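Hi everyone, thanks for coming. Please have a look at the sequence and the model on the screen, and then I'll walk you through a few parts of it.

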There are 2 protein chains.
Amino acid sequence: MAPGDFKQAGLIAVDWGTSRLRAWLVDRKGDVLGQAESGEGIGHIDGNHEAIFERLAAEWPRVPAIMAGMVGSRQGWREAAYVPCPATEQAIAARITRFDSSGGRAVAIVPGLVVDAPERDGDVLRGEETQIIGIMQREPGFAGTIILPGTHSKWARVDGRVIVDFQTYLTGELFELLSRISFLRHSVLDDGSDLSASPDFALGVERTARDGLPFLGALFSVRARQLLTDVNRADNLAYLSGLVIGGEIAAARTARRLHHDGAIRIVGSKSLARAYVSALRILGFETEAIDGERAVQDGLATMARSIGFLPEKTA
Amino acid sequence: MAPGDFKQAGLIAVDWGTSRLRAWLVDRKGDVLGQAESGEGIGHIDGNHEAIFERLAAEWPRVPAIMAGMVGSRQGWREAAYVPCPATEQAIAARITRFDSSGGRAVAIVPGLVVDAPERDGDVLRGEETQIIGIMQREPGFAGTIILPGTHSKWARVDGRVIVDFQTYLTGELFELLSRISFLRHSVLDDGSDLSASPDFALGVERTARDGLPFLGALFSVRARQLLTDVNRADNLAYLSGLVIGGEIAAARTARRLHHDGAIRIVGSKSLARAYVSALRILGFETEAIDGERAVQDGLATMARSIGFLPEKTA
């Protein structure tokens, strides 16, 4: 694509996490003009952040870049110290790390959040704060719980444009370890799509989130039902998924993060969001799924406006 | 060692599990004359059970062999169908699988146990029934809980020489996955000894088993305390161990497997038994540790007597 196509470009918005680097070229209104992606996540590279980023953005104009995610960690390009919760959008914007790269590009890195939770020695996140800001931007009056499922699921409480606190669950990572590496791998298929459509997914959710079967006491049932019932390995993978997601929901409920009178938003990829919407519906909670990519784009644009990388929106 | 040294030999007692094959040559009273061991567990071999066993026992006299563990599974030498709980020692002995090997050796395989637990689609074990029988032999009046910690921990209820039921927890396997493969591996040492001596072990146990922090909600704290406190990676491994064992105990308590008025025995290797004794003491339970190797030897000798492979004990 010729550079001329990008004459409206105002900013590169970047989500640079542990496993992936994703960038969007956006115009001055925040609309996406182009995108680029690579597997060069912070966990997969050894320094050289500038060179890696400039290679990805080589075809694009030399506009300022704003970044969120592990790029702001100690292993990232430049550390952006955690902002304590409760945190407003303004408090986060005020702590954005700004610098000029050695090639002269203006770069901003959004800080992560930290919560003081003595009962579990605190908690941290990086990247999700930007998705939450994106949702607060779309729904300024939102009060309730925002669930960001993934390798490390985050449950955040939001009220009056304040991120009150959050908690992390290792759900996605545990599911991968259990289904692909543990001895339970012999009892389940190694991969599956649309797991939450299986009745066995619902059974798993019910056991850990409704019937009170503790997560650790439920896991061996994946093996038992393969030996003692005629379940197939595809449905048994769905069952394991239900146990794990149900276990996360049960843990969040114990931590008082789930209320029948509070709004719930689920932010993530389509299939993951669908699984959580389905699990919560089984338990009587109506939720709304929001595309995770859109949320991070909105959040990055909002942060960019607050530091003058993009002009303020005109109503 | 010359065959003459074994002229009192009456039996080979064999614990043939997923990861290991262990055999003891015992005299007609059940006392151990010699032992042999190999890494040829049922999970590591592809058939050829007789050849593998005969190679291990090549130096020993050609006495009958009695075996327990995965050797009786579908992947084992000969399947020994599960006996349903509640199960007496006599019911288990009556279902021992007996055959002559192609080389003419009398072989007996002790069956595993199955429990009908609809809330988790049942449960199974193989090998632990023999350890439990060994303990019932030592303490004929025992009533209470027998905990067999390990890769797959088992909690069995025993009353009046009956194995009432049991439940399996994936504790040991989860600890290995979390400490060596998950992203938490960056926050803990990859190995440690005497973990339960660390105050951080006690903290982990308290959080999941006393303070009510759900296991899934507690795991990320291993990462948070590394980032936000000055804990070292050795103590943090002890903390993770405490969280996992505490999580198992909490799950067992929910399943009403833990009572202040019931006796508790812990059967396992010295270091693992010590960790469970220590965790349960923190929670106010006094327990007694029993050597797992001794328990399986006692159980195999008891089963051998019941089928005439060894003479009955004379008082």
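**Where the two chains meet**

Between chain B and chain A there are 4 salt bridges, a salt bridge being a side-chain nitrogen of Lys or Arg within 4 Å of a carboxyl oxygen of Asp or Glu. Before I go on, a word on the ground rules: this is a predicted model, where local features need pLDDT of at least 70 and side-chain atom pairs count only at pLDDT 80 or more, while totals for chains, interfaces and linings use all residues. Residues are numbered from 1 along each chain as its sequence is written, chains are lettered from A and ligands numbered from 1 in the order in which they are written, and side-chain values use heavy atoms, with hydrogens and water left out.

Now, which residues does Asp121(B) pair with? One partner is Arg225(A), with the closest N and O atoms 2.8 Å apart. Another is Arg207(A), at 2.9 Å from N to O. Asp121(B) lies in the loop between β9 (113–115) and β10 of chain B, and Arg207(A) lies in helix α5 of chain A, so this pair joins two chains. (Helices, H or I with at least four residues, and strands, E with at least two, are DSSP runs numbered from the N terminus.) Arg207(A) is buried, with a relative accessible area of 5%; buried means under 20%, exposed over 50%, and partly exposed in between, using a 1.4 Å probe and protein chains only.

How much area do the two chains bury between them? About 3,700 Å², 71% of it on carbon and sulfur atoms. That is the accessible area (1.4 Å probe) that two parts lose on being put together, summed over both. In chain B, Asp121(B), Leu216(B) and Phe220(B) lose the most area to chain A, together 20% of what that side buries. The contact, meaning heavy atoms within 4.5 Å, takes 46 residues from chain B and 46 residues from chain A.

**Inside chain A**

Let's stay with chain A for a moment. Asp200(A) sits in helix α5 (residues 199–210) of chain A, and it counts as buried at 13% relative accessibility. Leaving out residues up to four places away in sequence, Asp200(A) touches Arg225(A), Val231(A), Asp235(A), Ala238(A) and Tyr239(A).

Another salt bridge joins Arg257(A) and Asp165(A), whose closest N and O atoms are 3.1 Å apart. This pair links distant parts of the chain, 92 residues apart: Arg257(A) is in the loop between α8 (233–254) and β14 (263–268), and Asp165(A) is in strand β13 (residues 162–169) of chain A. Arg257(A) is buried at 3% relative accessible area, and Asp165(A) is buried too, at 14%.

**Back to chain B**

Glu176(B) is partly exposed at 36%, and Arg180(B) is partly exposed at 41%.

Last stop: is helix α1 (residues 49–56) of chain B mostly covered or mostly open? Mostly covered, with 6 of its 8 residues buried. Among them are Ile52(B), Phe53(B) and Leu56(B). The buried residues of α1(B) pack against β1 (9–16), β2 (21–27), β3 (32–38) and β4 (65–68) of chain B.
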